[in-house]
Amino acid sequence: MTARRLAIICSSLAAILASGCDRVPETSRVAFAPDEMRQILKMSPLPDMPKNPTNAVADNAAAARLGQRLFFDTRFSADGRFSCATCHDPAHGFSDPKPLSVAMGTTRRHAMPLWNVAHQRWFYWTGRADSLWAQAVQPLVHPDEMASSPGHVLAAFSGDAGLKSEYEMLFGPLPSDARPRTPDADRLLANFGKAIEAYERRIISTDSPFDRFVETLRSGKTRAQSAAISESAQRGLQLFTGRGQCALCHAGPNFSDGEFHNIGLPGITVDQGRFDGILDVREDRFNGLGAFSDDRSPETNIKLRYLTMKMNHLGEFKTPTLRNVEQTAPYMHDGRFATLRAVLDFYSDLPGEPAYGHREETLKPAHFTEQEKEDIEAFLRTLTGAPLKDSLTRPLPPTDSKPAGG
């Protein structure tokens, strides 16, 4: 070998080493047992979005565009100051930084985040709506939220030629009259909600470090484990699925079983939770069995047909998703915990007694050490997904806002 050729080889090796290409991640020292592996592999990826037959435009692109306009438009609130984005702020993980949401008044509960919301079975902390479009109607007319009315909604659409055109392309002519509780008025509100659902179905969180970690495990490339998430996060994952029993309720790829539980939060506010929610959803004229549903069949609405209220529903609230959880403080239905550490402190000790009902008997104090709390927090931070496309997080460019017919 000539001296010149040897110099070229040495120079190339030096460049490779300098670039860091020699730093192959070491095999993680955290070993997962076979039953842990089976459970972890069920937690990613997020499955395909479920259909919603009760909303014929749920996956319509034009409806999603209209819904995005409506989501950010304050003109639909009674005094023109509030929109859906007021309490579901994209800059705060589509949730509210306030413990209790504040608009026309102060609400009873903290606004739930909207990440992967279309994967849910029931809506609100109490499940008082059975579809995403039915949920969207309630804050529009609630006196503490947007405090609007069918007449105000009709005037807002009628006063904007672009919005009126988009609405009528999807749903047909606007009604000429929108007196409350008339079929035309309720159809207008239902269509508003159906457009909002079409937009909110696009608020999807995937491609988190945890998702990449599971993909690595599934491929068998264990050498790269520690490059996906830290060993602290892996230890937190073991606690999450094991002794901490977090995965009993925060189950599956959306980290929620979609059900309701009484975790025994000491009574600060008097709130019957799911017990009231069952009555509300059964009486909701916008539910899946109602006149404004696009599929009222028994098969589509089986969850509603067999819904019964029991005493154990007292004080139960829905399991929220943990996707992007580090972005969505404060936590719990009343926003009482400002940090993830405060949540872990609660589960570690389970202090106090609930105002209604009783704490689930399967829930026992975890007695986490400080290191274990750090590890679980590290794991929870790995659930933050890739950013949503910027174009979905802000108002669309305005339509022609001249009055219709003007």
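Let's start with the largest nonpolar core, which has 42 residues in this predicted model. The residues with the most contacts inside this core are Leu 70, Phe 71, Phe 76 and Phe 157. Which helices each supply at least two of its residues? They are helix H3 (61-72), helix H4 (84-87), H5, helix H6 (150-158), helix H7 (161-171) and helix H8 (183-200). The largest share, eight residues, comes from H8.

Take Leu 70 and look around it. Leaving aside neighbours within four places in sequence, Leu 70 is in contact with Phe 76, Phe 157, Leu 163, Phe 192, Ala 195 and Ile 196. Apart from this core lies another one, of 37 residues, and among them are Val 214, Met 332, Leu 340 and Leu 344.

Now for the aromatic rings. The structure holds 18 aromatic pairs. A pair of rings like this is described by the distance of the centres and the angle of the planes. How do the rings of Phe 71 and Phe 72 sit, and what is the pair called? Their centres are 5.1 Å apart and their planes are at 70°, so the pair is edge-to-face, because planes over 60 degrees apart count that way. Both Phe 71 and Phe 72 are buried. Ring pairs also link these two with Phe 94, Trp 115 and Tyr 199 into a cluster.

Another ring to find on your screen is Trp 122. The charged end of Arg 274 sits over the ring of Trp 122, 4.7 Å from its centre. Lys 303 lies over the face of Trp 122 too, at 4.8 Å from the ring centre.

Gln 135 is in helix H5, residues 132-141. Is Gln 135 buried or exposed? Gln 135 counts as buried, because its relative accessibility is 12% and the cut-off is under 20%. Not counting residues up to four places away in sequence, Gln 135 touches Phe 123, Tyr 124, Ala 129 and Glu 200.

The other one is Glu 372, in helix H15, residues 370-381. Glu 372 is buried as well, with a relative accessible area of 17%. Its side chain reaches the backbone nitrogen of Thr 369 at 2.9 Å. With neighbours within four places in sequence left aside, Glu 372 is in contact with Leu 239, Arg 243 and His 367.

Let's finish with the backbone. Where are the cis peptide bonds I'd like you to look at? One runs from Ser 44 to Pro 45, with omega near 5°, and Pro 45 is in the loop between helix H2 (34-41) and H3. Another joins Ala 329 and Pro 330, with omega about 0°. Pro 330 has its place in the loop between strand S2 (317-318) and helix H14 (340-349).

That S2 to H14 loop also holds Asn 324. Phi of Asn 324 is near 60°, a positive value in a residue other than glycine. At 2% relative accessibility, Asn 324 counts as buried. Ala 147, in the loop between H5 and H6, has a positive phi too, near 55°.

Conventions
Residues numbered from 1 in each chain as written. Predicted model: local features only at pLDDT ≥ 70, side-chain atom pairs only at ≥ 80, totals over all residues. Heavy atoms only, no water. Helix = DSSP H or I, 4+ residues; strand = E, 2+ residues; numbered from the N terminus. Buried < 20%, exposed > 50% of the residue type's maximum accessible area, 1.4 Å probe, protein only. Contact = heavy atoms within 4.5 Å. Core = buried A, V, L, I, M, F, W, Y, C linked by side-chain atoms within 4.5 Å. Polar contact = N/O pair within 3.5 Å; in protein donor to acceptor, adjacent residues only side chain to side chain. Phe/Tyr/Trp six-rings, centres within 6.5 Å; stacked < 30°, edge-to-face > 60°. Lys NZ or Arg CZ within 6 Å of the ring centre and 35° of its normal.
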